[in-house]
Amino acid sequence: MRRWFAPQMLIGVLFATAATAQQTAAKKDLPYVAVHDPQFISAKDAIFMNGDDRVIGLMNGEVPKAYPAGILWQHGLVEDKSPEGPIAITWCGYCNTALVFKAEAKGKPLVLDTAGLASGNEVFKDQETGSRWQQAGLVAISGPLQGEHLQLYPFLLTSWAEWLRLHPDTLVVKPLPGYAERMGAVNKFLKQGGFGASPVPDDVTYRDDRLKPKALVAGLDVAGANKAFPLKALRLVRVINDSLGGTPLVIVHQPSTDTTTAFVAKAGGRRLTFDASNADATELIDRETKSGWNAYGQCVAGRLKGSKPEPLILEPEYWFAWSEFHRDTAIYTPQ
């Protein structure tokens, strides 16, 4: 099989089993290509969005922006600009990996295009040098820049309703002509688990049997140490106090929106331990000062009000992809 056809084949598999209206839309010859010049619309004009649709949200610019999974899944990558420089918002449909990273290497910007798969994960090719970049590994695997690494950029994977609640002034990526008609089928497919019931891609050679290959995890890398937090455990425990690479941290999962966040568990010069204050873990309390916090690491009441510890970037994906590129990873196990 010629791997560079794989993304189109993936879309074809999905729409072959979609509803009649979506099958009609799928007949259009819509390529699986990166979006280099995204256009944005207001939230009120995003009539193609439903409350439980997944989005990648960015809040580091002047205006919050949402990148719907239903669009990203059909393109693999959307380019954009940030105050820190060019960024790439990416989604690999095969391994369910959602990542945002700075699109630059050695201080120079990169323009990236989709370039097939390697180890069951998206690969991008830069126009400047022809180097090929592994999405989940964040590294150039061939070309003049081989061995160079990309830097993660802060993002939030959440539901459209939750992002809109947090940022009612958000902008939303506008689908290219034809692609909006397929978003309903894509979003339904993602909500049903995507390719979670299918075998792993043929070119995946590494297997770690501690979890099922298609188990969903949130991966975290801190100071060279890494750990996978299974979504099944997150939904059960909701608030996890842990440490990684010598850094105290807390992981918070809000079951109603399947939103997972993480931040350094330290404020006011002391380490903190957190508990959920309600069933959905939208509110937290620290045991040390009894201050009140939200799930996004902001202290909203009590002695530490106004504190905002450093956020940490989680990497959501299937276990086979996380373990492929983090072979020494630890796994969180509920006590």
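This is a predicted model: local features need pLDDT of at least 70, side-chain atom pairs count only at pLDDT 80 or more; totals for chains, interfaces and linings use all residues.
How far is the sulfur of Cys92 from the closest cysteine sulfur, and in which residue does that closest sulfur lie?

1. Cysteines. The closest cysteine sulfur to that of Cys92 belongs to Cys95, at 3.3 Å, which is too far for a bond. The cut-off applied to a pair of cysteine sulfur atoms is 2.5 Å, and the count of disulfides by this rule is zero. Cys92 is buried, its relative accessible area being 0%. Cys299 is likewise buried, with a relative accessible area of 5%.

2. Overall dimensions. The chain has 335 residues and a radius of gyration of 20 Å, in agreement with the value near 20 Å that a compact globule of this length would have. The C-alpha trace spans about 60 × 45 × 40 Å along its principal axes. Of the 335 residues, 55% are buried.

3. Secondary structure. The chain contains seven helices and 27 strands. Two regions of this arrangement are treated below: the hairpin of β5 and β6, and the open sheet that includes β15 and β16.

4. Strand β6 covers residues 97–102; six of its six residues are buried, so the strand is largely enclosed by the rest of the structure. Burial extends to both faces: Thr97, Leu99 and Phe101 lie on one side, with Ala98, Val100 and Lys102 on the other. Strand β5 (residues 85–92) runs antiparallel to β6 and is joined to it by six bridges. Within this pairing, Ile89 has Val100 of β6 as its bridge partner. Four residues separate the two strands of the hairpin, and Asn96 adopts a positive phi near 60 degrees.

5. The four-stranded sheet. An open sheet with mixed pairing is formed by four strands in the order β26-β15-β16-β27. The edge positions are taken by β26 and β27 (330–331), each of which has a single partner strand, so one side of each lacks a neighbour in the sheet. Six bridges connect β15 with strand β16 (residues 225–230), and the sense of this pairing is antiparallel. Gly219 faces Ala228 of β16 across the pair.

6. Leu220. This residue is located in strand β15 and is buried, at 0% relative accessibility. Leu220 and Glu315 are 95 residues apart in sequence, yet their C-alpha atoms are 6.3 Å apart in space.

7. The largest pocket. The volume of the largest pocket is about 1100 Å³. Its lining comprises 48 residues, of which Arg54, Leu156, Leu157, Asp258 and Thr260 are the closest to the centre. By residue class, the lining divides into 24 nonpolar, 16 polar and eight charged residues.

8. Elements lining the pocket. At least two lining residues come from each of β2 (54–58), β13 (156–159), α5 (180–191), β15 (216–222), α6 (231–237), β19 (259–264) and β26 (315–318). The greatest contribution is that of β19, which supplies four residues.

Methods
Residues are numbered from 1 along each chain as its sequence is written. Side-chain values use heavy atoms; hydrogens and water are left out. On a 1 Å grid over the protein atoms alone, a cavity is a set of points where a 1.4 Å probe fits but cannot get out, and a pocket is an open set with protein on both sides within 12 Å along at least five of seven lines; lining residues have an atom within 4 Å of a point. Grid points are joined across faces, edges and corners, and a volume is the space filled by probe spheres set on the points. Ala, Val, Leu, Ile, Met, Phe, Trp, Tyr, Cys and Pro count as nonpolar, Asp, Glu, Lys and Arg as charged, and the others, Gly among them, as polar. Two strands pair if DSSP finds at least two bridges between them. Buried means under 20% relative accessible area, exposed over 50%, partly exposed in between (1.4 Å probe, protein chains only). The radius of gyration is taken over C-alpha atoms; the globule rule is 2.2 Å times the number of residues to the power 0.38.
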